[in-house]
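Dear colleague,

I am passing on a structure that you have not worked with before, and I would be glad if you could look through it alongside the notes in this message.

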Amino acid sequence: MAASRDDDRIRPVRIDCLAFGGDYNPDQWSEETWHEDIRLMKEAGVTMVSLPIFSWPQLEPEPGVYDWRWLDRILDLLHDNGIRIDLATATATPPSWLLRAHPEMAPWDAEGHRLEFGSRQTYCPSSPIWRENVERMTRAMAERYGAHPGLAMWHISNEYGDHTSRCWCPESAKHFRRWLQDRYGDLDGLNEAWGVNVWGQRYTSWDHIETPRKAPGPINPTKLLDFERFSSDALLELFQIEIDVLREVTPDIAVTTNFMSMFRDLDYWDFAEREDVVTDDAYPDPADPTSHVGAALNYGLMRSLKGGRPWLLLESSVSATSWRDVNVPKAPGKIRVESLQAVAHGSDAVMFFQWRQAKYGQEKFHSSMLGHRGERSRSFQETKALGNELKRLEAVRGTRVRSRVALVVDWDSWWGSSAVESLPSQRLQWAQQARAWHRALYSLGHAVDTVRATGPFDGYDLVVVPNLYIVERPQADALCVFVERGGNLVVGPFSGVVDATEKVHDGGAPGPLRRLLGVEVDEQWPLADGLAERIDYAGRLLKVPHWAEWIEADADVEVRGRYASGVLEGLPAITRRPSGEGSAWYISAKLEHDGLLTVFRDILRCSGLPARDEACVDAEAVTRADDNTDYTFLLNHGTEPVAFSLPASGVDLLSGNEVADRVELGAFGVAVVVSPRAASVPFITVTTPSAKERA
Ligand code: GAL
């Protein structure tokens with residue numbers, strides 16, 4: 001793609017404290033209200049707000065006619081009161097006049113319907129008109145406010161792909177063709193890559209290639225995969241257009257775009273490379289009592305996207321959202337533990353959507369820092385307490401999370417195994433598999449980083465690959481080197497199946513991982529819904545729902561678990577091959593949580609890593625550190641008391657109390673224990689309540 005990076009410099013966010021605040025929409029309120037906002041923001045300890053994200057129509061009411069006055073006034077007011085500004089380029093959504101003048105700029109769905117104005121993100125990412133206007137607006141904003149003393153960083157667009165991550169319109173088709181030409185050179189290259197002799201799909205002209213709109217039957221899988229890659233790149237180009245303008249006009253100001261946690265549609269590795277700081281919007285579902293486990297993985301991704309650097313939680317909800325079918329509020333105390341969980345995982349910010357709860361529009365039932373009852377609202381009381389408490393954690397700003405375990409996140413494999421209709425089974429899903437493996441490691445006491453399939457793996461003792469459908473040589477080589485040098489690798493089912501054009505590797509799975517793992521997959525063996533097989537793992541029977549594989553293992557492979565039922569009975573199921581200084585494991589089946597706990601406890605111990613005897617999903621411990629000091633966050637996400645055993649005593653930054661080697665926390669309790677940096681990553685066990693497995 002054409003986009004380029006001008007340099008590798010990381011520009012700092014211009015704020016000298018942990019950021020606390022939220023999205024701010026002053027253009028929905030009178031100026032009188034602004035003064036009340038400022039007073040209450042200061043009371044609540046707000047240090048940064050994000051604006052004017054959706055205000056393009058208010059800033060340019062007619063083509064070329066700008067009205068900066070209201071924004072000038074509110075930015076000055078914020079700055080005069082010491083509140084830093086995460087300044088949006090206001091390009092998150094187009095004004096109606098732009099769309100009416102250029103209806104061809106609207107996105108199309110897969111059935112060929114043009115989407116109507118009246119919501120947000122009504123644009124085709126490939127539209128030249130949209131791109132031109134985005135560039136113009138970004139330049140206008142940068143020239144107007146680039147030197148504003150309150151400017152902390154640029155907030156580009158908003159949640160790319162939230163509503164429009166794929167577009168099937170004729171302009172996208174043109175862009176898709178150009179993207180394919182760059183990738184494959186000529187039509188022969190494309191025909192070869194897409195395997196067009198199947199079902200008679202040979203192309204004789206580039207013009208014959210459309211976006212993969214609805215077709216009579218299953219669509220060519222490589223075309224679908226390329227469309228996923230293309231669509232992520234199309235938004236990346238849009239991002240780069242704004243970055244280029246901002247780098248030109250304000251070369252020293254940090255840029256970001258807010259991510260949506262582990263979002264399928266965009267390859268965030270690519271996006272993060274181009275920005276100065278990773279920012280995330282996190283909305284764990286309060287209806288799910290274990291949603292903090294998923295949040296831990298999302299945050300692991302956020303800190304890993306820029307090699308462990310601190311990131312910023314830019315949006316979260318104080319209580320209920322308004323976009324779920326049922327929007328469950330958060331119990332008192334939950335917002336505190338959830339916010340501090342993000343800080344534990346490397347965020348230098350706690351921010352919300354939004355400051356003042358809307359009075360009208362699509363999001364009026366979405367909770368906010370200042371609820372409809374104003375100062376008296378519980379949301380204000382809780383966030384005010386949180387904002388003021390956060391000041392005690394200033395010392396953790398800039399520190400990094402310590403972790404010895406990483407999980408491979410690979411968008412290509414995610415897309416390859418989910419965009420396609422023609423698979424052995426739809427019951428083995430990348431995201432579900434990644435979350436299940438992470439949950440086991442989390443429950444056994446580890447904070448898990450994420451990493452690309454090509455590494456870098458330095459500093460990790462254990463790398464887990466829950467599912468890597470697409471494998472090419474560079475990934476296989478990187479994983480091999482990791483193991484040779486003493487690393488422990490665990491690869492999950494349906495990995496190494498195809499190459500980057502979705503052609504099955506010669507000899508079948510696990511393709512280029514064959515030698516490293518010492519196994520060959522003879523046949524994928526999906527199980528019918530409702531049926532389950534068993535694996536005998538050192539005398540324990542583990543349940544296998546949905547997915548098994550007929551595998552054969554080399555002589556130098558240790559078979560740790562065998563199928564114990566069904567047609568596969570007696571065949572290897574879970575294997576370990578010592579290689580170089582390390583070892584390479586293969587888990588050929590989908591396992592339930594209990595089974596994963598058993599297997600990963602064994603893997604951790606064989607890798608020289610600790611594992612909790614009592615797996616507790618509510619008790620989380622994460623350590624951030626600088627060169628001299630460990631800051632160990634202890635979090636009780638549940639309502640039952642839990643007790644943590646620490647390897648060393650220290651001081652709790654939140655309470656100011658000295659703590660010995662045991663800390664007991666009640667419902668939603670948090671402690672942040674500061675102690676001298678330990679030689680190895682502190683491992684915290686959980687000793688109560690009643691020693692039962694609650695994971
Ligand atoms: C985010 C979005 C915000 C707001 C919020 C509500 O996805 O960036 O503008 O809509 O959700 O949860």
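The notes below begin with the ligand and then turn to the strands and the backbone.

Please bear in mind that this is a predicted model, in which local features need pLDDT of at least 70 and side-chain atom pairs count only at pLDDT 80 or more, while totals for chains, interfaces and linings use all residues. Residues are numbered from 1 along each chain as its sequence is written, and side-chain values use heavy atoms, with hydrogens and water left out.

**The ligand**

The ligand sits in the largest pocket. A pocket here is found on a 1 Å grid over the protein atoms alone, as an open set of points where a 1.4 Å probe fits, with protein on both sides within 12 Å along at least five of seven lines, and a molecule sits in a pocket if more than half of its atoms lie within 2 Å of its grid points. Around the ligand are Phe54, Arg120, Asn158, Glu159, Asp162, Asp281, Tyr283, Glu315, Trp323, Phe353, Glu363 and His366, where a residue counts as near if one of its heavy atoms lies within 4 Å of the molecule. This shell divides into six charged, four nonpolar and two polar residues, with Asp, Glu, Lys and Arg taken as charged, Ala, Val, Leu, Ile, Met, Phe, Trp, Tyr, Cys and Pro as nonpolar, and the others, Gly among them, as polar.

Polar contacts are pairs of N or O atoms within 3.5 Å. A polar side-chain atom of Glu159 lies 2.3 Å from an oxygen atom of the ligand, a side-chain N or O atom of Glu363 is 2.4 Å from a ligand oxygen, and for Tyr283 the distance from a polar side-chain atom to an oxygen atom of the ligand is 3.4 Å. The ligand taken alone exposes 310 Å², of which the protein buries 95%, the areas coming from the Shrake-Rupley method with a 1.4 Å probe.

**Strands**

Strands are DSSP runs (E, at least two residues), and helices are runs of H or I with at least four residues, both numbered from the N terminus; two strands pair if DSSP finds at least two bridges between them. An open sheet of six strands, with antiparallel pairing, has the order β10-β22-β23-β28-β25-β26. Because β10 (400–401) and β26 (658–659) stand at the edges with a single partner strand each, one side of each is left without a neighbour in the sheet. Strand β25 (residues 650–652) is joined to β26 by two bridges, and Val651 stands opposite Glu658 in β26.

Strand β24 (residues 642–645) pairs with β27 (residues 662–665) in the antiparallel sense over four bridges, and Val642 has Leu665 as its bridge partner in β27.

**Backbone**

The peptide bond from Phe353 to Gln354 is cis, with omega near -5°, and Gln354 is placed in the loop between β9 (347–352) and α12 (378–390).

With best regards

Note on methods. A polar contact is a pair of N or O atoms within 3.5 Å; within protein, one must be able to donate a hydrogen and the other to accept it, and residues adjacent in sequence count only if both atoms are side-chain atoms. On a 1 Å grid over the protein atoms alone, a cavity is a set of points where a 1.4 Å probe fits but cannot get out, and a pocket is an open set with protein on both sides within 12 Å along at least five of seven lines; lining residues have an atom within 4 Å of a point.
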